[in-house]
Amino acid sequence: MGRAVTPVERLVGLLREPTGAVALPLTEWTDVLTVARAELLLGTLASRVDGLAVPASVARVLADARAEAEETRRAALWEANRVARALMPLGIPVILLKGTAFVAAGLAAGRGRSIGDCDILIPRATLPEAEALLAQAGWEWVKADPYDDHYYREWMHELPPLIHRERDRMLDVHHAILPPTARPKPDAAALIAGAEPLGGGLAVLSLPDMIVHAAAHLFADGDLTGGLRNLWDIHALIGERGCDGVERQAARHDLSDTVARALRLAHAIYATPVPPAYRRATVIEQLYRRRMLARDGWGRGRHPVTRGVFYLRSHAIRMPLPLLARHLWIKWRKGKAAPASE
Amino acid sequence: MRHHVTLRVGPVGFRIGSDWRDPIDAVTALYRDYPRADFADYTVRLEATSPIRRRFRPSIHIAGDYRLPEAAPLPLAQGLLAAELGMNLQMALGHRRHLLLHAAVVARDDRAMLMSGISGAGKSTLSLLLARRGWRFLGDEFALIDPMTGLAVPFPRPISLKNESLAVIPPDSHTGPLLTGTPKGDIRHVAPDARAIAAMDRPARPALLVFPRFGFPSASRVLPPAEAFVRLTQASTNYVAMGEAGFRALTRLRAEVPAVALDYPDGAAGVAAVEALWDAL
């Protein structure tokens, strides 16, 4: 006798094999849709099951999610257009990353995808001019705090986040795909050199580099919150275009282990068609899988210990221990001091 | 979650879960006459701020599909208010199927009057008084405009009355508990009459837009289309998020429905004024 399928496992099953939606009873849909929202995968699920016979009340929620994703896509492309226009004087195409790149390039990974900020990659040498151009065009710093600003500029692979004062949309300007403090050293110049122009002053990474970046982003950024969505990006990119060149680019960017782990996890969770060498998950990856599926039908995180370990680990990956200790100490002290200063 | 209820209001199913029994009991009692549902469009969670706080100085954190991270917790005694705020949040942050206007809606013969205004403009009080005079109550918090048909879809949640307007609650009403000392003062929820709930699947065609202001000498002014449009965009919580569908719904409403700004000094004068406007249509 097997244990009951959890709502998050049901969601993963529907993403893998959407026809299962037809047989899913109405009473189970509330949990599945709640989990899909919590994982930012509702639009993706809606696009996967589009056209299948589901109960009318479920169909309404899914139709809403598709409409919302379409609006998200339109807004993301408009924002990219505005950024390209602002940065035109640089004389180089602006490389889009993540969600905006997927929709701009018309990739399956972009179908139904939630897109928050606009993420771009430009050469580090152009940063001062780019900052000035963006400021002229209406982007402002979000973080007024001098420590945060200094922290970003000293230790991060991106500028402090910008927000457009009229459109209220966030822009992340990257000059690399991992912080300089991370152990792997991706070759930002090679990423930029290999990018593929889309026209309109925009470009996207080559497909293998896109997969490498998605893998780096999956593990390096945050504590695997949003992991299922980020892993879906990798699954959809490979499902549509295959894996050719991914190992070579992973090696070039010092990310072979990261990419291998991402491929094994994608296969373990989404049955992604990866090369045979990546079809068996390690014990550690079973732990990753547990972390990524740690959510109940109310959308709440489960397994607090597993989550806590991954939270600490995410910081340890990004910073050497002494730097991490200093950073957490400063943040903690500022957290304590904040109410008194208001 | 340990305690929960799933119910339907108009076109929307809500699932409300709680770490404690009391808030769910309060919701169940107030929503006694609403249908229970097998499916929820939105989930609201009323959670303890930490495991210890479930029992010791219990304090409700409002979460769900959509949430405001900086929202302050409420004491357990205000559980019903937490549930209502949670439901409003899901709609304001998540709902895209209808254009949402911060407005009260009442109808006669399936023709609707929308009353839009800031908190304190008297929307709830006016809609309660009008319902007592035979108008059908469609909602006092959100007007739901179907972008395809332009119709106002009923969303008849319990009416939330505050402070001095508590005095207008008729004694035979089905109400929730009096909630004192909330962030907005004293609050009591009044369930809509049985007729409003029975007709909650029957939409109405918008026929008049009123922008009331309570506490001013009686005055009224027909709004030019551009001003009505701007006021409606300000009254909508999802106009921007809906994109073109929101724009089309709003321009249609503005084009088809006359709009009036109305100042009134007290409840009786307000009711008389909106009924006069209605009769003059």
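Which residues lie nearest the centre of the second largest pocket? I looked this up in a predicted model, where local features need pLDDT of at least 70, side-chain atom pairs count only at pLDDT 80 or more, and totals for chains, interfaces and linings use all residues. Residues are numbered from 1 along each chain as its sequence is written, chains are lettered from A and ligands numbered from 1 in the order in which they are written, and side-chain values use heavy atoms, with hydrogens and water left out.

**Entry 1, pocket**

I find B:S119, B:E141, B:S160, B:K162 and B:K184 nearest the centre, within a lining of 47 residues. A pocket here is an open set of points on a 1 Å grid over the protein atoms alone, where a 1.4 Å probe fits, with protein on both sides within 12 Å along at least five of seven lines; lining residues have an atom within 4 Å of a point. I note a volume of about 1200 Å³, taken as the space filled by probe spheres set on the points. Chain B elements giving two or more residues to this lining are α2, α3 (123-132), β11 (159-162), β13 (185-190) and α5 (225-235). The largest share, six residues, comes from α2(B). Helices (H or I, at least four residues) and strands (E, at least two) are DSSP runs, numbered from the N terminus.

I then checked B:Q90, in helix α2 (residues 79-94) of chain B. B:Q90 is buried at a relative accessible area of 0%; buried means under 20% (1.4 Å probe, protein chains only). Its side chain reaches the backbone nitrogen of B:Y66 at 2.8 Å. Leaving aside neighbours within four places in sequence, I list among the contacts (heavy atoms within 4.5 Å) of B:Q90 the residues B:Y42, B:T43, B:V44 and B:H95.

I traced an open, mixed sheet of seven strands in chain A, in the order β3-β4-β5-β2-β1-β7-β6. Its edge strands, each pairing on one side only, are β3 (139-141) and β6 (196-199). Two strands pair if DSSP finds at least two bridges between them. Strand β2 (residues 118-121) runs parallel to β5 (residues 170-174), with four bridges between them. Strand β1 (residues 94-96) pairs with β2(A) in the antiparallel sense over two bridges.

Which residues face A:L121 in these strands? The bridge partner in β5(A) is A:H174, and A:I95 stands opposite A:L121 as well. I also see both faces of β2(A) covered: A:C118 and A:I120 are buried on one side, A:D119 and A:L121 on the other.

Conventions
Buried means under 20% relative accessible area, exposed over 50%, partly exposed in between (1.4 Å probe, protein chains only). A polar contact is a pair of N or O atoms within 3.5 Å; within protein, one must be able to donate a hydrogen and the other to accept it, and residues adjacent in sequence count only if both atoms are side-chain atoms.
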